[in-house]
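Biologist: I am new to this structure and would like to be taken through it step by step. Could we go by way of questions and answers?

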Amino acid sequence: MRKFAITAAVIGLTALGLGVPATTAQAAESGAQGPVCDSKWPGRNGNMYAWDGYDCQGALLGVDAGNDADWQWAPGGFSNAWDKASSVMNAGYTGGNDVVQFWYVQEYQEGYACLSPYEYYADNLSDNYFSNGENANNNIRSHRWVSSCNVWLT
């Protein structure tokens, strides 16, 4: 009887051990990315948004339906926002200039990356890069609406 109990315990623990990695993998693939961004999605309202934290958290840096050549100074939807964005959202209307192009330097210079209206948001800019190779996290200084792009934020 004792051997049976030990054998049953070993089989049970082995099964439990094999179940843990599968559960972890399932959690990682469940779409758990961006739950806060998901909750902040306003629908198509013509604006783009940026936050200083990942997953659309922290301070809202700005909201803008137009272009902003310099996130440090007004006019535009952003002020005192250079090098602070860690997540961005594109709630712009589809059709025409519906892609948001973010720039490494003000006045649309020295590297860009874009957010498609169909991507909705990029909740972690630390794994995204501008066309010049610079990391996008905490490095945006301007944005504009365009109709196409070849470097994408995810």
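What follows is a conversation about this predicted model.

Biologist: Which pattern of helices and strands does the protein chain follow along the sequence?

Modeller: The protein chain has two helices and seven strands. Of its 154 residues, 40% count as buried, and among the contacts between residues at least 6 apart in sequence, 63% join residues at least 24 apart. Read along the sequence, the pattern is α-α-β-β-β-β-β-β-β.

Biologist: Which are the edge strands of the open sheet of four strands?

Modeller: This open sheet has the order β2-β1-β3-β6, and its pairing is antiparallel. One of its pairs is β3, residues 87-91, with β6, joined by two bridges, and here Met-89 stands opposite Tyr-121 of β6. An edge strand pairs on one side only, and that is the case for β2 and β6.

Biologist: Is strand β7 largely enclosed or left open by the rest of the structure?

Modeller: Strand β7, which spans residues 142-146, runs antiparallel to β4, and five bridges join the two. Among the facing residues, Val-100 has Trp-145 in β7 as its bridge partner. Four of the five residues of β7 are buried, so the strand is largely enclosed.

Biologist: Which residues does Phe-102 contact, leaving aside its neighbours within four places in sequence?

Modeller: Phe-102 is one of the residues with the most contacts inside the largest nonpolar core. Once its neighbours within four places in sequence are left aside, Phe-102 is in contact with Met-48, Trp-71, Val-88, Gly-111, Tyr-112, Ala-113, Leu-115, Phe-130, Ile-140, Ser-142, His-143 and Leu-153.

Biologist: Which residue forms a salt bridge with Asp-83?

Modeller: Side chains of opposite charge can pair when their charged atoms come close. The structure holds one salt bridge, and its closest N and O atoms are 2.9 Å apart. It links distant parts of the chain, with Asp-83 in the loop between β2 and β3 and its partner 58 residues apart from it, in the loop between β6 and β7. Asp-83 counts as partly exposed at 28% relative accessibility, and the residue that pairs with Asp-83 is Arg-141.

Biologist: How far from Asp-55 is the nearest side chain of opposite charge?

Modeller: Asp-55 is found in the loop between β1 and β2, where it is buried yet has no salt bridge. Its side chain instead reaches two backbone nitrogens, that of Val-36 at 3.1 Å and that of Cys-37 at 3.0 Å. A salt bridge would need a side-chain nitrogen of Lys or Arg within 4 Å of a carboxyl oxygen. The nearest side chain of opposite charge, Lys-40, is away by 8.2 Å.

Biologist: With which side chain does the side chain of Ser-86 make a polar contact?

Modeller: Ser-86 is found in the loop between β2 and β3, and at 3% relative accessibility it counts as buried. Not counting residues up to four places away in sequence, Ser-86 touches residues including Trp-51, Tyr-54, Asp-123 and Leu-125. The polar contact of its side chain, at 3.3 Å, is with the side chain of Asn-138.

Biologist: What is the relative accessible area of Glu-107?

Modeller: Most residues other than glycine have a negative phi. Cys-56 lies in the loop between β1 and β2 and counts as buried at 0% relative accessibility, while Glu-107 lies in the loop between β4 and β5. Glu-107 is partly exposed, with a relative accessible area of 46%.

Definitions and conventions. Residues are numbered from 1 along each chain as its sequence is written. This is a predicted model: local features need pLDDT of at least 70, side-chain atom pairs count only at pLDDT 80 or more; totals for chains, interfaces and linings use all residues. Side-chain values use heavy atoms; hydrogens and water are left out. Buried means under 20% relative accessible area, exposed over 50%, partly exposed in between (1.4 Å probe, protein chains only). Lys and Arg count as positive and Asp and Glu as negative; His and the chain ends are not counted. A polar contact is a pair of N or O atoms within 3.5 Å; within protein, one must be able to donate a hydrogen and the other to accept it, and residues adjacent in sequence count only if both atoms are side-chain atoms. Two strands pair if DSSP finds at least two bridges between them. A nonpolar core is a set of buried Ala, Val, Leu, Ile, Met, Phe, Trp, Tyr and Cys residues joined through side-chain atoms within 4.5 Å. Contact means heavy atoms within 4.5 Å.
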